[in-house]
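Visitor: Please take a close look at one part of this model for me. I would like to see how its pieces meet.

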Amino acid sequence: GYLPANVDRRESTLQRKRKEYFAFVEQYYDSRNDESHQDTYRQIHIDIPRMSPEVLRLQPKVTEIFERILFIWAIRHPASGYVQGINDLVTPFFVVFVCEYIEEEEVENFDVSSLPEEVLHNIEADSYWCMSKLLDGIQDNYTFAQPGIQKKVKMLEELVSRIDEQVHRHLDQHEVKYLQFAFRWMNNLLMREVPLRCTIRLWDTYQSEPEGFSHFHLYVCAAFLVRWRKEILEEKDFQELLIFLQNLPTVHWGNEDISVLLAEAYRLKFAFADAPNHYKK
Amino acid sequence: MQKHNQKEHLYKLLVIGDLGVGKTSIIKRYVHQNFSPHYRATIGVDFALKVLNWDAETVVRLQLWDIAGQERFGNMTRVYYREAMGAFIVFDVTRPATFEAVTKWKEDLDSKLVLPNGKPVPAVLLANKCDQGIDVLMNNGIKMEQFCKENGFVGWFETSAKENININEASRCLVKHIIASESDPVQSIEPDIIKPHLNSSKIVSCSACFKS
């Protein structure tokens with residue numbers, strides 16, 4: 001996280017960061033209707049009702065908070081600006097912070113505006129800094145032409161070709177390109193592929209892993225793809241394959257499934273990390 | 001059960017246009033016959049399949065490629081456009097900026113993709129969200145037929161994914177043009193010549209389809 005290692009200094013840092021965030025809001029948020037920024041703002045405004053989970057995003061209070069967070073981030077990071085998908089990345093943090101005040105089961109039908117104003121302010125600022133920290137590590141995913149994503153999709157392809165040649169060949173034979181399904185895996189860090197509770201579990205590991213979001217994620221994606229090898233090998237045409245890969249049946253996934261996935265990802269990482277040519281033909 | 005004399009066509013169609021104009025909604029309506037106002041923003045590309053019993057002898061399978069509205073800014077469209085046979089370019093009648101972007105999408109498409117015979121791919125323009133009662137076109141007095149002719153669209157439709165207006169019609173129009181261009185690949189395809197039809201009703205307004 002962005003807090004200092006020294007426990008004594010944490011509270012004061014947290015307070016300072018919160019102040020800093022609201023100073024940004026003060027400074028920039030009024031410019032959202034200026035000509036130079038209105039495209040960014042409009043785009044964020046259109047996208048916010050189009051994220052998950054449904055119940056949260058439809059609350060005006062939540063919309064307002066997300067719009068501020070995303071707009072401030074975009075203005076402060078002109079190299080990338082706002083890119084579709086970034087909106088999703090705020091949600092796990094926001095939900096985790098909200099859950100400090102309610103039972104986790106309630107989150108699906110909880111009215112956020114019932115929280116005290118001050119609590120909401122803190123949640124907003126903390127969510128901003130967490131998202132900011134996350135994005136710092138993967139900025140090239142969102143700069144022009146999204147080079148980070150292109151590169152990672154290529155790496156995923158190479159990795160899969162080494163760990164499961166059969167799956168790789170099968171996809172290749174049916175002309176399925178990795179970019180067609182894995183672009184979203186990289187752009188939204190698997191958020192769109194698994195339920196929110198699983199994303200939160202997954203990201204916990206990413207945060208405790210050095211370069212979790214930028215590097216370890218790749219191994220998780222490889223493990224995730226190979227996880228479906230049986231189904232993939234059974235599909236015998238391009239259409240069916242792509243529809244399957246874009247709509248993986250994870251609705252009922254829970255912690256257990258993520259644990260298995262992570263274990264496999266670790267195994268791959270260690271088999272691979274010290275021997276980048278190990279699987280090469 | 002497939003009959004012996006049945007022909008099968010497979011076409012890749014692109015659905016492009018600015019973000020939030022309703023590309024995903026149009027496809028969901030067309031393929032799954034339903035509508036929700038809360039589809040998530042498309043990331044990268046989404047894929048769907050629609051099977052049409054075109055006539056007694058012909059089955060047409062449509063691969064629909066729903067391309068994220070933000071993609072034009074990245075350079076990814078080239079990859080997604082590959083081997084497409086036709087395209088829908090969509091704008092939102094309630095937001096003039098999305099109509100202004102139509103020509104940019106068309107240029108992007110034509111600059112990155114041509115048919116094997118060197119012609120641009122047939123494209124149909126969709127003026128979506130026509131149920132909203134706010135019509136940019138009428139307000140600006142833009143002559144759509146003229147616009148389509150100048151920008152090389154084979155036709156245009158006012159559509160609503162919400163009310164299921166004109167989506168099947170638009171698709172038939174596009175497929176018809178694709179079949180025509182396929183069956184006669186050498187001869188120049190000039191269905192772009194648009195016959196004036198002053199009395200045509202506003203809803204059924206695929207000008208080029210009057211050819212048939």
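Guide: Chain A of this predicted model is assigned domain 1 (7–137) and domain 2 (147–273). These bounds come from an automatic or database domain assignment. The C-alpha centres of the two domains of chain A lie 28 Å apart. Their contact (heavy atoms within 4.5 Å) takes 13 residues from domain 1 of chain A and 12 residues from domain 2 of chain A.

Two notes on conventions. Residues are numbered from 1 along each chain as its sequence is written, and chains are lettered from A and ligands numbered from 1 in the order in which they are written. Local features need pLDDT of at least 70, side-chain atom pairs count only at pLDDT 80 or more, and totals for chains, interfaces and linings use all residues, while side-chain values use heavy atoms, with hydrogens and water left out.

Now the area. Domain 1 of chain A and domain 2 of chain A bury about 1000 Å² between them, with 71% of it on carbon and sulfur atoms. Buried area is the accessible area (1.4 Å probe) that two parts lose on being put together, summed over both. On the side of domain 1 of chain A, D88(A), P92(A) and L134(A) supply 40% of the area buried against domain 2 of chain A, more than any other three residues.

D88(A) forms a salt bridge with R192(A), and the closest N and O atoms are 2.9 Å apart. A salt bridge is a side-chain nitrogen of Lys or Arg within 4 Å of a carboxyl oxygen of Asp or Glu. The count between the two domains of chain A is 1 salt bridge. There are also 3 residue pairs in polar contact between these domains (both at pLDDT 80 or more). A polar contact is a pair of N or O atoms within 3.5 Å; within protein, one must be able to donate a hydrogen and the other to accept it, and residues adjacent in sequence count only if both atoms are side-chain atoms.

Helix α5 (residues 86–98) of chain A gives the most to the side of domain 1 of chain A that touches domain 2 of chain A, with 7 residues. Helices are DSSP runs (H or I, at least four residues), numbered from the N terminus. That side of domain 1 of chain A divides into 7 nonpolar, 4 polar and 2 charged residues. Ala, Val, Leu, Ile, Met, Phe, Trp, Tyr, Cys and Pro count as nonpolar, Asp, Glu, Lys and Arg as charged, and the others, Gly among them, as polar.

Definitions and conventions:
Helix = DSSP H or I, 4+ residues; strand = E, 2+ residues; numbered from the N terminus.
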